Amino acid sequence: QDVELTYRLMTVAEKVMFTDMVPYLYIRRNNTISTSVNPQKKIKYLGDELLVYQTFKDLASHYSNHPELCSVIDDRANNILWGMLLTLYRNKKQWKPLGINETVINMMKEKGLYPIDSSLYDWKKRIVLLFLNRQSVIC
């Protein structure tokens, strides 16, 4: 994931330059791992998101002596989980019959990531999590 690499690089960079230059373009193709509805590919993709989440959490811990940087990275990690849960909910009709939602929720449970700790989010997301943290709503 480019975002995960970017965060790691930014934390050790001495100088950063922002530009409007586009160094590369993504070409979206049908049936790639991110757009496929093949259950194994989708589960692999979402499982990789959990690995990125853990990498962000580890990176945040590494910078615990820099509270602002740690907080930004930690928030990004929490947003990955939030996004995954919303994605599972929004695609429930299509993915539930394929076993994707249940498999991913079980992966999250094994890692202690589901139900999501609502104290990590603002009040609006806490309200939504009251609903989404019920497995029957997702699966």
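This is a short walk through the model, one selection at a time.

**The whole chain**

Keep in mind that you're looking at a predicted model. Start with the protein chain in cartoon view: there are seven helices and zero strands, so the pattern along the sequence reads α-α-α-α-α-α-α. Along the principal axes, the C-alpha atoms fill a box of roughly 50 × 40 × 25 Å. Of the 139 residues in the protein chain, 32% are buried. If you display contacts with a separation of 6 or more, 64% of them involve residues 24 or more positions apart.

Select residues 2–12, which make up helix H1. Begin with Tyr7, which sits in this helix and is partly exposed at a relative accessible area of 25%. What does Tyr7 touch, not counting residues up to four places away in sequence? Show Phe56, Leu59, Val72, Ile73 and Arg76, and you have the list. For Arg76, try the distance tool: its C-alpha atom is 9.7 Å from that of Tyr7, although the two are 69 residues apart along the chain.

Now move to Thr11, also in helix H1. Is Thr11 buried or exposed? It's buried, because its relative accessible area is 17% and the cut-off for buried is under 20%. Leaving aside neighbours within four places in sequence, its contacts are Leu59, Tyr63, Leu69 and Ile73. Zoom in on Tyr63, whose side chain makes a polar contact of 3.2 Å with the side chain of Thr11.

Next, pick Met10, another residue of helix H1. With a relative accessible area of 40%, Met10 is partly exposed.

Select residues 39–62 for helix H2. At the start of H2, look for Asn38: one of its side-chain oxygens comes to within 2.9 Å of the backbone nitrogen of Gln40. Then check the length of H2. Its 24 residues, at 1.5 Å a residue, should span 34 Å, and the end C-alpha atoms are 35 Å apart, so the two agree.

Stay in H2 and show Lys44 and Asp48. They form a salt bridge, with 2.9 Å between the closest N and O atoms. Why are these two about one helical turn apart? Because they're four residues apart in helix H2. An α-helix has 3.6 residues a turn, so residues three or four places apart point the same way. Both ends of the pair are partly exposed: Asp48 has a relative accessible area of 24%, and Lys44 comes in at 45%.

**Last stop: H2 to H3**

A search of the whole structure finds two salt bridges, and the other one to show is Asp74 with Lys57, at 2.5 Å from N to O. This pair links distant parts of the chain, 17 residues apart: Lys57 belongs to helix H2, and Asp74 to helix H3 (residues 67–90). Color the two residues by accessibility. Lys57 is buried, with a relative accessible area of 18%, whereas Asp74 is partly exposed at 22%.

Methods: Residues numbered from 1 in each chain as written. Predicted model: local features only at pLDDT ≥ 70, side-chain atom pairs only at ≥ 80, totals over all residues. Heavy atoms only, no water. Buried < 20%, exposed > 50% of the residue type's maximum accessible area, 1.4 Å probe, protein only. Expected span 1.5 Å × (residues − 1). Polar contact = N/O pair within 3.5 Å; in protein donor to acceptor, adjacent residues only side chain to side chain. Contact = heavy atoms within 4.5 Å. Salt bridge = Lys/Arg side-chain N within 4 Å of Asp/Glu carboxyl O.
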